[in-house]
Amino acid sequence: STLTNIVALSFGSMTKIQAVKWFCYYAVTSFFFIYLAHLTVFIAILTLDAKRVEARRADCFVCMNVKETDENSKGSLENSDERSRLQRFFGDIYGPALLKPYVSIIIVLLFVAMSSISGYLSTMITTEFNLRILTSDDSYLREFYDVSTELFGSNDAGRVPTSLYVGKVDYSSYSVQEEIDRLVEALFDSDTIDETLGKEDWLAELRTFANLTGSFNFSADGKYLVGSSFIPALHLFLSQSQFKRFEDDIIFGENDNQTILFSRINFQHNQLGNSDKEINALETTQEIAETSTLEPQPFVVFFAYQFYDLNRIIVPQTVQGLLFALVAVLIICSVMLVHPFSVFMAALLLGMIIVNLLGSLVWWNIDLNSVSAINLTMAIGLVIDYSAHILHYFGTLDHTLSRRERSILALQEMGPPVFMGICTTLLGVIPLAFANNEIFRTFFRQFLTIVFVGGSHGMILLPVLLAYVGPSIPRNKTTKIAADLKASVTDAEV
């Protein structure tokens, strides 16, 4: 289990999504130290506890001795059923009931239907990183985003600003100004920039101001302010109160007010109400900037573009991460599981589980973003535990037992620890349901789905499949527990 988690998350760290990559790094490190602790500290504590039991000392009060039972009680205990209550439940009640022919048919049909519906829902997944999920429920920012969405139709307070950035070029050159004007017009004419709100173009305003002043040199065609008069005209321009708004749009060199290091021209996007429009805005502005002949090349950017870029790559990167994790887990399973067909069954179950998890995003109204992608990547290592232990134990049993008997035996022996794992995971994530933050509630919903889907496939569908098409592996010897189960199954049927 630890090895599959480490390998799956290691492959998951190959993604371009930084949040997922950092999470995988942290998770791999955590799994390693947890595994190390189990091999060292936990074994030492377990050994001390075993000595306590041998010394017949009470668990919570080790200074007290427990009174020994009499010989008759001891003999009756030795002759009794040594299975735990959960083992008896899974071996004598749950297993035989689950593997009745009509129950098995219903289960297979239900899981096929669930996977089919989830596959259809997965085609409707939306990619969005809504900033409101970063805020607490009682935050004033949440109220701001809600009101903004209601009034302006966007979580970005209506239209999104953006800017064309131009680096250190000769701004007094005719060709440079002509190229900047071409980029500005191309952006302004694109379907993603709002023409009604205009643009904040300091260069165009400077030329108008200089032309009205009449004391600066223009090109022969009268279009551009060129030559040595450009910088003096610019400083005079910025000194005017009506143009001081452009001071932050022009960066001069340190201790050098004659060289422009960077400048920007500001625009407003149209309303971007969904991820498709956001991705289109990002790609359109990038394509226009990349056509420039200036060096260094200008670029168009706004801080929200990082979220738009995430929306653009989130689907292929998530699919890639899931496939890498799936391959990694199957490689480990091919080494650990006894029969190749067991590996195929593990691949089948993992494929169905992934489809169900993707479909659950639509069911829960969760967007595919860095938060949900982290949970999906982590899910591969978690859900395999619910199936791999049962598959492995099934493959080690005596082939003289029928598939049905081996399936019940696997449920009897592996069902309790898998069931305990499901319950403890649920107990660990239930507090997240009451969190005052959307991110933590998203974690809860996804973990609830992971546990339900992974657990149901491992504890319900897998035993049915094993009972009918499970692999048969010859063994030289039969374990005592297999013989005991064969007798118990026969008694249960009688």
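**Helix pair.** I started with α12 (residues 340-363) and α16, whose axes come within 10 Å and cross at roughly 145°; axes are lines fitted to C-alpha atoms, for helices over the stretch in contact, with angles from 0 to 180 degrees between N-to-C directions. Helices (H or I, at least four residues) and strands (E, at least two) are DSSP runs numbered from the N terminus. I looked up who makes the contact (heavy atoms within 4.5 Å): α12 brings residues including F341, M345 and M352, and α16 brings, among them, I450, H457 and V469. By class I found 14 nonpolar, 6 polar and no charged residues, with Gly counted as polar, Pro as nonpolar, and Asp, Glu, Lys and Arg as charged.

**Ground rules.** I kept in mind that this is a predicted model, where local features need pLDDT of at least 70, side-chain atom pairs count only at pLDDT 80 or more, and totals for chains, interfaces and linings use all residues. Numbering runs from 1 along each chain as its sequence is written, and side-chain values use heavy atoms, leaving out hydrogens and water.

**Core.** Next I checked the largest nonpolar core, which has 120 residues; such a core joins buried Ala, Val, Leu, Ile, Met, Phe, Trp, Tyr and Cys through side-chain atoms within 4.5 Å, buried being under 20% relative accessible area with a 1.4 Å probe, protein chains only. Its largest share, 14 residues, comes from α16 (residues 438-469). F230 is among the residues with the most contacts inside this core, and I saw that F230 touches Y171, W202 and I260, among others.

**Sheet.** Last, I traced an open, antiparallel sheet ordered β2-β3-β1-β4; strands pair if DSSP finds at least two bridges between them. 4 bridges join β2 to β3, and I251 has F262 as its bridge partner in β3.

Methods. Buried means under 20% relative accessible area, exposed over 50%, partly exposed in between (1.4 Å probe, protein chains only). Lists of a residue's contacts leave out its neighbours within four places in sequence.
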